[in-house]
Structures are given as structure tokens and as C-alpha cells.
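Here is a short briefing to read alongside the sequence and the model. Have both open, and let us walk through them together, topic by topic.

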Amino acid sequence: MMSAAPFASFVPAESPVADLGRRAHCARTAALAALCEADPAAKAAAARALYAAVLAGGVACAADLELDEPAGLPGRPARPELVDPRHLKRRSMQSPQGRAVLLHALAHIEFNAINLALDAVWRFAGMPTAFYTDWLKVAAEEAYHFSLLAVRLAEYGHVYGDFPAHDGLWDMCERTRGDVLARMALVPRTLEARGLDASPPIRARLLQAGDQASAAILDVILRDEIGHVLIGNRWFRHLCDASGLDPHPTYTRLADQYHAPKLRGPFNFDARRDAGFDEAELAELAALAGLDAPDATPPATAD
Ligand SMILES: [Fe+2]
Ligand SMILES: [Fe+2]
């Protein structure tokens, strides 16, 4: 195993990690460096710079490189305080403070999502180059989402870290650290897909409270998240095909084995269909929600 030390050699301590995309020789090594970065703004800048550098052809992905895991992943700031989810209070969207708490919770999800995407890049050796490029794209988009929410949070007079948060997303990352198939099944196809379901009701509550600017950010996030879940579906199926596994029973087995959260409706069937879930999976979700199978044909229009 190659030690993690090499990435330190081309990211000198005095250099902003945002420059690492230009300095790194291997995008997977640079992704690990960005994952170690504790400052959220610097991490977000590093993720975006790295993807831009890969697209520009300035940084390659060494698929066969085996990197040792450094202690203390992921890099994160001292705040927010991480607490048991049961200790997080729900607040009304009607008050500015309630909306600030919601925006903070969304920013925390996006901060974790940057970490999850970077982790997929450095941790899993031996995947096709497109796997790494896909997850670097996701990391860059999560960084953009985090930045949009941080700006909106500032307009409410707050910064990321002002309110407590929970650590459920990184927890699933840890549980699936040794199994790329389980990671694809349970992070993008389960946790990120839950975000597709959660988005419309949150957006409606923001609009009801008159906060069009925050609702517009949710539109950007939902559009991109469909792409992230699609990437998860793509690689889950690729890995199933490569091992001769049937995706449906394999997903059920992995959800059970890794104690994935139970799926609960309402489901965003249109977004899930766009994100690559097949009709059998959508029908299974419909049954869970006590509905008939969702209609795949678009409704006829008068004109
Ligand atoms: Fe996101
Ligand atoms: Fe995402």
C-alpha cells in the first residue's frame, strides 16, 4: 500500500488547498487532500478547482493507486456541534430563525455530500476513469450547493456552524468503507435519493413563507441531485453486471446488511424515474406508500 504521505508533498502547508487541483499529479490523491481540509469554504473551492483541472486535462486519475486512510476523516470545522438527531428541534418555516435553521441543515447536508463524493474518488481503487470523473463532478456540484446555501444563510445573519447538526450521512460512508457496491447502493441510491423526495415539500413550505430566493436554490439542488442519483444508479448497475448480480435482490440484501434507513413515502416518482430507477423499483416504492404503480406515460394535454 502506498502511504498517504505523497499528497502532502505536493500540497505544501502554506498553500491554499484551493490550488491543489493545479498542483496535484493524481486527482484521487488530490481528492483525499480536499477531504482532509477542515475549512468548509476551502474544501468547497478545492472540490471545484479539482474537477475543473480534471476537465481541462491538467490532472489524471491513477485508478490503481491504493491510498492509506489518514486518521480523522473527514476534515471538518469545530462547529457545528454534532448531536444525536433526536436532539434537533424542528422549527416553523414562518419565522426567519426557523428558515435559517432549515438552511443551515441543508448546508450541513451539502457539506457532508462534498465529503461523500470525494471519499468515493480516493477510496475505491481499480474503477474505470469515468467513475472518478463522475464523482469529482458530484463533489464540485455539492460544493456549489454548499456555497449557494452559505450565501443565503449569511443573508439571514448566520454562518455554517451556528446551529447543531447530526452525522448520519458520514456514518453510512463509514459503514460502507470496504465495499464500493454497498456505497453506491446506500449513499447515492438511498440517502441522496431521499433528498429527491424531501425537496418538493420543503420548497413548498419556503414559498408559503415568501422565501422565493431559498426556493430557487432548492430548484438548482434538485436538478443536480437527479444527476447524482443517476450516477449512483449507473455505477451500481455496472458493478452488479461485472459480478453477475441481479440489481434488485442485491439492493435489498445490502440495505438489510448495512441497516439502511427504511424508505418512507411520499416519493418523488418523476425525479426518481429521471434519476434512473426502473419501473419495478418505482412500483415497489408505490406499494410501500400504499399507492398504485406510478404511471410512466405523460398525461395528455389539450393542445
Ligand atoms: Fe447537493
Ligand atoms: Fe448530491
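Predicted model: local features only at pLDDT ≥ 70, side-chain atom pairs only at ≥ 80, totals over all residues.

**Starting from a loop histidine**

His259 sits in the loop between helix 10 and helix 11 (269-274).

- Across 87 residues of sequence, His259 and Met172 come to a C-alpha to C-alpha separation of 9.1 Å.
- The loop between helix 10 and helix 11 also holds Pro266, and the peptide bond leading from Gly265 to Pro266 is cis, with omega near 0°.
- Another cis peptide bond links Leu73 to Pro74, where omega is about -10°; Pro74 belongs to the loop between helix 4 and helix 5.

**Overall make-up**

- Read from the N terminus, the order of elements is α-α-α-α-α-α-α-α-α-α-α-α.
- The chain has 303 residues, and 43% of them count as buried.
- Taking contacts between residues at least 6 apart in sequence, 76% join residues at least 24 apart.

**The nonpolar cores**

- In soluble globular proteins, nonpolar side chains tend to be buried together.
- Here the largest nonpolar core has 74 residues, and those touching the most other members are Ala27, Ala31, Ala47, Leu50, Leu136 and Ala139.
- At least two residues of this core come from each of helix 3 (27-36), helix 4 (40-55), helix 5 (96-123), helix 6 (129-155), helix 7 (168-175), helix 8 (180-208), helix 9 (212-243) and helix 10 (247-257).
- Which helix gives the most to this core? Helix 5 does, with 16 residues.
- Apart from this core lies another one, of 7 residues, including Leu196, Ile226, Val229 and Ala271.
- Setting aside neighbours within four places in sequence, Ala139 is in contact with Ala47, Tyr51, Ile114, Ala117 and Leu118.

**Helix 3**

- Helix 3 is mostly covered, with 10 of its 10 residues buried.
- Its buried residues include alanines such as Ala27 and Ala31, along with Arg28, Thr29 and Cys36.

**Helix 5 against helix 6**

- The axes of helix 5 and helix 6 approach within 8 Å and cross at roughly 160°.
- That angle is over 145, so helix 5 is roughly antiparallel to helix 6.
- Helix 5 makes a left-handed crossing as it passes helix 6.
- The residues in the contact of helix 5 with helix 6 comprise 21 nonpolar, 2 polar and 3 charged.

**Helix 4 against helix 6**

- Helix 4 and helix 6 pack with their axes 8 Å apart, at an angle of about 140°.
- The crossing of helix 4 and helix 6 is left-handed.
- On the helix 4 side, the contact is made by Pro40, Ala44, Ala47, Arg48, Leu50, Tyr51 and Val54.
- On the helix 6 side, the contact residues are Thr133, Leu136, Lys137, Ala139, Ala140, Ala143, Tyr144, Phe146 and Ser147.
- Sorted by class, the contact of helix 4 with helix 6 has 12 nonpolar, 2 polar and 2 charged residues.

**Arg152, a buried arginine**

- Arg152 is part of helix 6.
- Is Arg152 buried or exposed? Arg152 is buried, because 20 other C-beta atoms lie within 10 Å, and burial requires 20 or more.
- Beyond its neighbours within four places in sequence, Arg152 is in contact with Leu103, Ala213, Ser214 and Ile217.
- The C-alpha atoms of Arg152 and Ala107 are 9.9 Å apart, while the two residues are 45 residues apart along the chain.

Note on methods: Residues numbered from 1 in each chain as written. Chains lettered and ligands numbered in written order. Core = buried A, V, L, I, M, F, W, Y, C linked by C-beta atoms within 7 Å. Buried ≥ 20, exposed ≤ 12 C-beta atoms within 10 Å, placed from the backbone. Helix = DSSP H or I, 4+ residues; strand = E, 2+ residues; numbered from the N terminus. Contact = placed C-beta atoms within 7 Å. Axes fitted to C-alpha atoms, helices over the stretch in contact; angles between N-to-C directions. Parallel < 35°, antiparallel > 145°, perpendicular 65-115°, else oblique. Left-handed = near helix turned anticlockwise from the far one by under 90°. Nonpolar A, V, L, I, M, F, W, Y, C, P; charged D, E, K, R; others polar.
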